[in-house]
Amino acid sequence: MPQVRIIAKNFMDMVAALPAMKLDKLYENAFICEAILRSLPPLAKKYVLQMLCIEVPVTAKSMEEWVLPDGVSKHRVAIDRLIQLRIFTETVDRKRETTYTLNPIFQTNLKKLLLYGVVLPREPMPSNVTVRLPSSEDLEAFALGQWECFLLQLINSSQIERPSNISSSMMKIFQRGLLSQRDKEAPRLTESGFQFLLMDTNAQLWYIIREYISNSEERGVDSADLISFLLELSFHVTGEAYNINTLTEVQKNTIKDLADLGLVKLQQGRKDSWFIPTRLATNLSVSLTDSSSRKQGFVVVETNFRLYAYSTSKLHCEILRLFSRVEYQLPNLIVGAITKESLYSAFENGITADQIISFLQQNAHPRVAERVPSVPENVTDQIRLWETDLNRVEMTPAYHYDGFPSRDLFEGASDFARGYNALLWEDPEDSKKMSLVVKAENHVHMREYLSRQRQ
Amino acid sequence: MSCRQVVKRASYKSKIKDPGTPGVLTMTENKFVFRPNDPSSAAKLDVEFKHITGHKNTKEGTDKPPWLNLSDKDRSYIFEFGSFHDLHVCRDFVGNALAKSGEAAKASSAAKPTSAAKTTSEKSGVTLPDEQLSTAEMQLRMKLLQEDSELQKLHMQFVISGVLTESEFWATRKKLLDGDSRTKSKQRVGFRSSMILDTKPMTDGRMNKVTFNLTPEIKYQIFALKPAVHQAFLTLVPSKMTEKDFWTKYFRAEYLHSTRNAVAAAAEAAEDEELAIFLKEDAILASEARRKIRRVDPTLDMEADQGDDYTHLPDHGIFRDGSKDVTELQNELYRRTLSQDLNRQGAVVLQGRTVDVDLEDPRTVAEALMQSRRESDESAEQERLDRITRMTEIEDLQEHHDHPVAQLCIKDPRDYFDTQQVNALKTLDDSRTGTEQKKCSLTTEEAYGSLREAISKIKSIGLKNSTVAPEIAITVLNGLTQNISSTKYQLGKNPQDSVLDSLPNKTKEELLHHWISIQELLRHFWSSYPITTTYLSTKVGRLKDAMSQIYRQLEEIKQSDFRHQVSLLVRPMHQALDAAFQHFDADLQKRAARSGGETPNGNS
Amino acid sequence: MASAPSKLYADDVSLLMVLLDTNPFFWSSSSLPFSVFLSHVLTFLNSILLLNQLNQVVVIATGYNSCSYIYDSSTSTNQGSDNGRMPARCVNLLQKLEEFVIEDEQLIKEGLREGIASSLLSGSLSMALCYIQRVFRSGPLHPQPRILCLQGSSDGPEQYVAIMNAIFSAQRSVVPIDSCYMGSSNSAFLQQASYITGGVYLKPQQPNGLFQYLSTVFATDLHSRAFLQLPKSLGVDFRASCFCHKKTIDMGYICSVCLSIFCKHHKKCSTCGSVFGQAQSDVNSTSNKKRKTPET
């Protein structure tokens with residue numbers, strides 16, 4: 001049994017969570033094999049590669065021989081992942097020796113990939129049919145525009161120029177967990193919502209796609225089919241046009257949603273219509289194993305709490321607006337100031353000082369990113385101070401007990417609570433009122449104790 | 001062996017009271033001979049040591065003259081030597097000689113292994129060119145075996161079991177036998193480190209008399225420590241005053257010092273000029289001290305400041321005889337500080353005993369000391385010059401000093417064998433590879449042509465045949481895994497970690513023992529080639545049998561839990577043995593062919 | 001797709017510089033046919049590119065007279081398959097390789113050849129290092145480079161200095177040099193190269209299982225190497241070549257100023273011009289380190 005459970009945070013975990021039958025079916029598609037291989041941790045990739053030509057089981061012991069003491073945990077994670085994804089089959093033989101075999105379907109498909117190369121999922125349409133293909137820059141701009149528009153809509157910004165065609169019910173699903181709406185008030189970004197905005201595009205995309213897939217069953221679409229289609233899509237060549245008629249009905253519906261997200265661009269010809277995958281689509285198979293992904297920064301923070309963001313993106317402006325007062329908005333520059341008021345509103349929304357600081361640091365403009373610290377210390381300190389200002393009172397849910405029949409019982413109960421380190425307050429010794437306050441999480445124990453005492 | 005023979009002048013006495021016959025005593029390994037100076041004397045002696053049953057000698061420092069008393073069953077020989085030094089030399093020699101002759105007496109029982117070996121060799125019908133062993137040598141062998149348990153084990157294993165004969169066994173250890181382990185030079189008595197200057201007077205409360213105890217040893221020490229006294233002794237003693245007077249004066253001065261009555265000392269010194277010599281600061285020492293200061297490495301920072309001097313502070317300073325050594329400004333001349341004394345004492349002790357003469361006569365001691373001092377002065381001067389040239393000037397401008405090349409030194413022999421083992425493994429690996437070059441000569445065009453052909457071949461058929469067959473793949477993977485695990489054990493994190501250390505002690509010892517045995521056997525084995533005599537061929541046969549036995553034992557060890565590590569260690573041993581077996585078989589066949597079917601021996 | 005893909009770099013993104021020995025004299029005498037060797041290598045390259053789409057592979061052919069870049073995965077565009085026969089990138093590579101071989105042949109001067117001549121390893125090593133330097137300077141985010149020498153022909157002692165310089169420069173820029181040696185006896189140069197730079201030296205025992213060796217050992221990215229034990233060469237031949245006659249020597253003379261190595265005593269150092277004193281046969285002969293087991 002796998003000993004390490006990976007927190008379900010990315011797409012591949014969804015794949016791993018698929019039932020065995022579906023997973024095996026998935027591996028019949030060479031693209032999926034490739035995409036899954038790429039999603040594996042580096043060690044797991046190596047293990048797959050070295051097992052590629054081996055058809056007999058390999059003992060776990062012999063594989064562990066290669067592992068240095070430092071790498072034991074990594075090795076464990078890699079092996080567990082491989083087993084989760086049913087790429088490795090684990091068997092324990094009579095001699096209680098654990099052996100692994102590579103999934104034969106997976107193996108054959110990978111071999112084919114290596115020996116014969118990638119067979120494209122479908123042929124691009126001849127160029128004489130598709131006359132006005134967008135240039136790669138245009139396509140890029142389209143994709144990013146679509147995506148930004150979608151995000152703005154997601155966070156219910158007032159800045160939306162043209163609402164996308166994504167149905168509001170679908171939007172609701174995406175917003176789940178990112179926004180919180182108290183009755184009658186405008187929905188607010190939750191903590192995870194803010195984190196979502198701080199993620200790079202690819203990670204955001206995966207988050208949305210995951211929500212999309214997990215929701216697919218409700219729309220009557222098989223999640224395995226959807227996964228395989230998405231992965232397939234990622235192996236199409238960016239900028240080439242593909243006939244939409246090669247798709248199934250379900251896929252055709254899906255592709256419309258994907259166009260709204262900016263993954264593909266749909267074009268209508270004289271008699272055919274076609275879709276053009278954008279970079280967002282081809283990035284779907286990007287390995288998601290790393291956490292070190294970065295993008296170009298754009299924010300400069302000065303010691304006088306002024307903030308300059310070299311960005312044309314409305315989204316960036318929206319994000320900055322969450323914790324700073326935007327003063328000017330020039331075509332490529334946003335000037336703002338970090339004020340106590342702006343920060344208080346951010347803290348009220350559940351955004352923490354650390355999140356803000358890490359956002360400023362991660363998105364520091366390359367010019368200031370080289371400096372240490374990239375955000376002036378007085379600014380970071382002040383942000384933290386303002387946050388702690390709000391945290392003078394600590395809230396602890398608790399229960400209040402009083403009306404004890406005897407002093408003994410009261411003292412026994414308070415000792416019992418102290419034993420759990422749960423006693424928050426008790427009446428002073430000389431007071432006649434016998435009452436105490438105990439943390440809510442220990443209420444069960446208290447109740448048990450008290451009922452036992454009563455008998 | 002430093003001295004096979006000792007010749008000393010001595011006088012022979014048959015009884016203690018006998019006045020003695022002067023003559024020359026010659027001692028050799030087996031006997032001692034005394035030739036009187038007067039050839040007509042009847043006191044000639046020629047006695048073999050084996051008759052001597054005991055020896056005694058007088059102790060140095062007692063009032064007895066240096067006598068050596070050798071006794072046999074019914075009489076004793078007493079020799080009086082000129083000095084204790086001679087006595088010691090002779091005594092040590094006699095001790096050795098007696099020990100040897102004693103061993104010889106026991107030789108018959110000790111020689112049993114030899115005879116056993118002989119019988120085995122005789123059984124195989126070959127006469128053994130066995131040397132006749134002297135009992136002394138026999139004894140030495142026994143001693144070596146007792147001292148070295150490893151050697152003893154080997155001896156037990158091979159000689160007693162008849163694989164090797166005694167002489168064969170020792171033939172490879174000539175060096176051990178030649179070793180001068182027996183003839184260690186006797187230890188020389190060093191200079192006593194107790195402060196002679198503290199020679200305490202004994203006062204008995206009743207009389208106003210102070211007694212100093214004086215022994216030759218103390219006299220010598222005084223001479224060594226105080227060159228001025230020494231000088232005074234040489235100039236004064238026989239001519240101006242008797243020795244007794246000299247010492248009385250000396251101790252009077254000492255007494256004055258000890259009472260710390262500088263004024264009294266000054267007064268007495270004014271009256272008696274000889275006494276003044278003792279009371280004054282030792283001029284020779286002072287000049288020597290000045291010389292020494294000049295000799296000090298000029299780069300050494302000797303500057304001391306007020307802060308370094310704690311002696312004037314309360315609770316600091318040196319206490320001597322219960323009172324503090326305080327600096328008195330007056331009578332500087334007669335003041336001697338403890339630190340000066342201590343320094344002098346230290347210097348003399350370090351110098352060691354330079355004179356090796358009889359201490360009885362202070363005169364000779366004084367002269368000998370003078371002599372040695374002169375010599376050492378010269379050498380010290382030379383040394384000082386050397387050092388100054390080395391230290392004072394900038395090194396770059398100096399003539400280069402020839403620094404000797406460091407000796408190559410392999411510290412742990414195991415390191416060496418580890419690398420050898422690694423190389424053996426490597427050659428083994430190499431031999432398994434299938435990458436032997438095919439011998440073929442192609443012209444340039446052909447060579448390039450074949451290359452192009454290969455490329456176009458791939459172009460046409462693709463990579464279809466590029467996957468590795470599963471069987472090969474798994475062997476490769478297993479091979480690599482084995483390599484990994486073996487290197488992991490072999491070259492663990494710490495290069496000092498050897499495979500051997502990872503094994504349990506029992507296995508480790510067993511392996512080491514086998515390794516030693518194999519080395520021993522192989523040494524004999526290979527040294528027996530080429531086989532020229534039947535004796536050698538039987539020997540080789542015996543060796544081979546013994547080796548194959550060890551071979552089997554090694555195989556057994558390999559079956560243990562630590563198969564992996566053990567096989568690593570055993571492999572080179574097996575290789576070495578295999579090579580020997582192979583050579584044996586090949587040689588046997590060759591000889592069989594040559595001698596036309598006449599097999600030399602029934603050994604298989 | 002000329003521009004570099006989005007700058008998302010996982011820990012295991014690698015730049016693999018493959019130095020491919022195309023010495024015709026070696027391959028015509030090798031027991032492993034060049035076609036088999038090449039097809040295994042191509043499969044290996046495919047697998048590297050399969051592992052991570054940001055992985056980059058550059059192939060440099062080490063010829064007899066010249067060396068040249070023959071493939072760079074960052075500039076070649078088509079990923080697909082050539083009529084399903086083999087990956088399209090291989091077709092490109094083979095095409096360039098063939099051109100290279102023809103050019104290499106034209107450069108040959110007759111009568112120079114004796115025995116199996118060595119390839120121009122120093123040249124291709126330098127080219128690989130240059131490429132890596134360019135990648136280093138391209139920006140803060142770049143794949144982790146390593147060099148893989150697939151060498152068959154024997155060492156060319158005349159290249160000793162150049163190769164050692166390349167090795168030390170690789171060591172300085174922390175680029176491991178892996179070497180897979182296909183020849184019959186071990187290559188001292190490559191052993192040293194791998195030892196000094198912390199790479200892996202391997203001499204496959206089963207040449208026809210080459211792909212397995214490559215995929216098991218040499219496919220390991222630098223990130224994973226921190227967790228894995230890779231084969232270690234047991235003994236490294238540390239012998240140097242003298243600068244004067246390019247002979248491999250056990251003992252020799254070393255210039256105390258510039259550490260040039262000579263097989264016999266000279267009056268003057270040919271490298272730095274220092275004047276040497278009279279040789280004293282017992283003192284001045286300085287021995288080189290000959291063999292040593294690598295400390296772990």
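This dialogue goes through several features of a predicted model.

Q: How many helices and strands are there in chain C, and what share of its residues count as buried?
A: Chain C has eight helices and 15 strands. Of its 296 residues, 59% count as buried. Another way to read a chain is through its contacts: among those in chain C between residues at least 6 apart in sequence, 66% join residues at least 24 apart.

Q: How is a pair of packed helices described?
A: Two packed helices are described by the angle between their axes and the distance between the axes. In chain C, the axes of helix 2 (residues 34–51) and helix 7 come within 9 Å and cross at roughly 30°. Angles under 35 degrees count as roughly parallel, and helix 2 of chain C and helix 7 of chain C are therefore roughly parallel to each other. The crossing of helix 2 of chain C past helix 7 of chain C is right-handed.

Q: Which residues make the contact of helix 2 of chain C with helix 7 of chain C?
A: Helix 2 of chain C contributes Phe37(C), His40(C), Val41(C), Thr43(C), Phe44(C) and Ser47(C). From helix 7 of chain C come Leu210(C), Phe211(C), Leu214(C), Ser215(C) and Phe218(C). By class, this contact of helix 2 of chain C with helix 7 of chain C has seven nonpolar, four polar and no charged residues.

Q: Is helix 7 of chain C mostly covered or mostly exposed?
A: Helix 7 of chain C, residues 210–218, is mostly covered, with nine of its nine residues buried. Among them are Gln212(C), Tyr213(C), Thr216(C) and Val217(C).

Q: At what angle do helix 16 of chain A and helix 19 of chain A cross?
A: The axes of helix 16 (residues 340–348) of chain A and helix 19 (residues 377–390) of chain A cross at roughly 55° and come within 10 Å. Helix 16 of chain A and helix 19 of chain A are therefore oblique to each other. Helix 16 of chain A passes helix 19 of chain A in a right-handed crossing. On the helix 16 side of chain A, the residues in contact are Lys340(A), Leu343(A), Tyr344(A) and Phe347(A). They meet Ile383(A), Trp386(A), Glu387(A), Asp389(A) and Leu390(A) in helix 19 of chain A. The residues of this contact of helix 16 of chain A with helix 19 of chain A divide into six nonpolar, no polar and three charged.

Q: How many aromatic pairs are there over all chains?
A: Rings of Phe, Tyr and Trp pair if their centres lie within 6.5 Å. By this rule the count over all chains comes to 20 aromatic pairs. One case is Trp147(A) with Phe150(A): the ring centres are 5.3 Å apart and the planes stand at 35°, so the pair is tilted.

Q: What is the geometry of the rings of Tyr69(C) and Tyr131(C)?
A: The rings of Tyr69(C) and Tyr131(C) have their centres 5.8 Å apart and their planes at 50°, so this pair is tilted. The pair links distant parts of the chain, 62 residues apart: Tyr69(C) is in strand 3 (residues 67–72) of chain C and Tyr131(C) in helix 4 (residues 121–137) of chain C. Tyr69(C) counts as partly exposed at 31% relative accessibility, whereas Tyr131(C) is buried, with a relative accessible area of 6%.

Q: Which residues form an aromatic cluster in chain C?
A: Phe26(C), Trp27(C), Phe34(C) and Phe37(C) form one aromatic cluster.

Q: Which residues does Ser224(C) touch, not counting residues up to four places away in sequence?
A: Ser224(C) touches Pro42(A) and Leu43(A). Ser224(C) lies in helix 8 (residues 222–225) of chain C and counts as buried at 1% relative accessibility.

Q: Where is Arg86(A) placed, and where is Asn421(A)?
A: Arg86(A) is in the loop between helix 6 (72–84) and strand 2 (88–92) of chain A. Arg86(A) has a positive phi of about 60° although it is not a glycine. With a relative accessible area of 35%, Arg86(A) is partly exposed. Asn421(A) is in the loop between helix 20 (407–419) and strand 14 (423–426) of chain A. Asn421(A) is not a glycine but has a positive phi of about 55°. At 61% relative accessibility, Asn421(A) counts as exposed.

Notes:
Residues are numbered from 1 along each chain as its sequence is written. Chains are lettered from A and ligands numbered from 1 in the order in which they are written. This is a predicted model: local features need pLDDT of at least 70, side-chain atom pairs count only at pLDDT 80 or more; totals for chains, interfaces and linings use all residues. Side-chain values use heavy atoms; hydrogens and water are left out. Buried means under 20% relative accessible area, exposed over 50%, partly exposed in between (1.4 Å probe, protein chains only). Helices (H or I, at least four residues) and strands (E, at least two) are DSSP runs, numbered from the N terminus. Axes are lines fitted to C-alpha atoms, for helices over the stretch in contact, and angles run from 0 to 180 degrees between N-to-C directions. Angles under 35 degrees count as roughly parallel, over 145 as roughly antiparallel, 65 to 115 as roughly perpendicular and the rest as oblique. A crossing is left-handed if the near helix is turned anticlockwise from the far one by less than a right angle, and right-handed if clockwise. Contact means heavy atoms within 4.5 Å. Ala, Val, Leu, Ile, Met, Phe, Trp, Tyr, Cys and Pro count as nonpolar, Asp, Glu, Lys and Arg as charged, and the others, Gly among them, as polar. Rings of Phe, Tyr and Trp (its six-membered ring) pair if their centres lie within 6.5 Å; planes under 30 degrees apart count as stacked, over 60 as edge-to-face and the rest as tilted.
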